[in-house]
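Please examine the sequence and the structure shown below before reading on.

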Amino acid sequence: MNRTLALCLALAVATAARADEGSDEARLNARLAPEVAHQVSTLVNEARAAGLPTDPLIARAFEGASRGADAAGIVNGVRRQSSAQASARGALGPGSQPDEIVAGASALLAGVPADSLSHLRLARAGGSLVIPLVVLCDLVARGVPADVASVAVVTAARAGATDNVLLRIRERIHTGIENGGAPAGTTGEVVRQWLRMTAGRGRHGEGPGGESKRKTP
Amino acid sequence: MDPEREEKRVDERIRAAYRQPSATDEPARERLIARLASERTPRAGGLRGWFAVREYHARPVWVFATLVAVLAAGSWLGARFAGRHAPIAMAPVAGPSDASTLPVTFVLRAPGATRVAVVGDFNNWDASATPMAHSGSGDLWVLNLRLPRGVHLYSFVLDGSEWRPDPAAPLAADGSFGGHNSVIVVDGAGGL
């Protein structure tokens, strides 16, 4: 009886995987040249076999097509995304959520060192890293040196900064840079200011800006 | 009288009323029981048999195995025929309004633009899938969508050719195609 059950389950899993493959291939063929679709499909199947998210790879291929990239550019873009996702999962740990892997891949592609992702995981064990990784990637994309941005976000996370706090820190830095501040200096100053403000209140302070709202669950 | 005490008094009276047993009408109850007892059990023959309540016995493991087999066959057939005849769902523009999606509003100030669209992983980066509406005054373009929960990358496309990230949102890495996208995290808890 147990063998029958196991067989049925294996059949269901194999069939579902085949259905996913067929569906992805159809989506790719509908939008890309056959040769490009085939190469991308191979990368997608490899990612699936490795347990990595596959939708971002297909999306990357479509983005390349929409932006007018040539065949090699599209395949290269998908390969970079896949490689970054694998590295992100390695740095974040095997239990990482798909959204964390995608956000982590974006941070790596922006130039954030992989060990920063591991430090972030340690700084916020058990919590979602999606927002910290998005903030980290955004800072680097806006010209903050990757090491400075990493130290800033990891330090804030280690000090108990919530997602709301990190988003407000990001806004402060963004405003400072827009007003002519040097990206690295502005980042350091904003984070130091928040640390000073929270030092007297203990962890989880909700500055900067004097607000004390808590994130509602 | 103190309004708070008055409120408590009324509240207590209401509670007491609920605690009282309801008056019983014994003759009516007996009539109801007699009527139920005299009703015939419906016959399950012919067409009515399809609507009759029946009792079956089955081993849970076989029910489960049958269910799995049916689902697997359906999935396989669906993928096979979807691949041939309906290869792509291009635009989940106003996606299903279930709990897995949340409403999102995109806004862009684009002076001089005659067409603005949102492209992203939620619409296969198709510039014709989700055009934004001109607000009618000024240079604002607006679009309401329902997006699945999770991290999404997107950009604006102005007049069919100029790609521009959302100035109000965090930037994603340059994804190899020459230009930053924006990031939106749809999580129902404030997100981005």
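The points that follow concern two helix pairs and one further helix.

The model is a predicted one. Two packed helices are described by the angle between their axes and the distance between the axes.

**Helices H5(A) and H7(A)**
- The axes of H5(A), residues 98-110, and H7(A) come within 9 Å and cross at roughly 20 degrees.
- Because angles under 35 degrees count as roughly parallel, H5(A) is roughly parallel to H7(A).
- The crossing of these two helices, H5(A) and H7(A), is left-handed.
- Residues of H5(A) in the contact include Ala103(A), Ala107(A) and Ala110(A), and those of H7(A) include Leu133(A), Cys137(A) and Val140(A).
- By class, this contact of H5(A) with H7(A) has 10 nonpolar, 2 polar and 2 charged residues.

**Helices H7(A) and H9(A)**
- H7(A), residues 130-141, packs with H9(A), residues 163-178, at an angle of about 10 degrees, the axes being 9 Å apart.
- This angle makes H7(A) roughly parallel to H9(A).
- Among the contact residues are Ile131(A), Val135(A) and Leu139(A) of H7(A), together with Leu166(A), Arg170(A) and Ile173(A) of H9(A).
- The contact of H7(A) with H9(A) has 7 nonpolar, no polar and 3 charged residues.

**Helix H3(A)**
- H3(A), residues 55-66, has 12 residues that should span 16 Å at 1.5 Å a residue, and its end C-alpha atoms, 16 Å apart, agree with this.
- Of the 12 residues of H3(A), 10 are buried, so the helix is largely enclosed by the rest of the structure.
- The buried residues of H3(A) include Leu57(A), Ile58(A), Phe62(A) and the charged residues Arg60(A) and Glu63(A).

Definitions and conventions: Residues are numbered from 1 along each chain as its sequence is written. Chains are lettered from A and ligands numbered from 1 in the order in which they are written. This is a predicted model: local features need pLDDT of at least 70, side-chain atom pairs count only at pLDDT 80 or more; totals for chains, interfaces and linings use all residues. Axes are lines fitted to C-alpha atoms, for helices over the stretch in contact, and angles run from 0 to 180 degrees between N-to-C directions. Helices (H or I, at least four residues) and strands (E, at least two) are DSSP runs, numbered from the N terminus. Angles under 35 degrees count as roughly parallel, over 145 as roughly antiparallel, 65 to 115 as roughly perpendicular and the rest as oblique. Two residues are in contact if their C-beta atoms, placed from the backbone, lie within 7 Å. A crossing is left-handed if the near helix is turned anticlockwise from the far one by less than a right angle, and right-handed if clockwise. The expected span of a helix is 1.5 Å times one less than its number of residues. A residue is buried if 20 or more other C-beta atoms lie within 10 Å of its own, exposed if 12 or fewer, and partly exposed in between; C-beta atoms are placed from the backbone.
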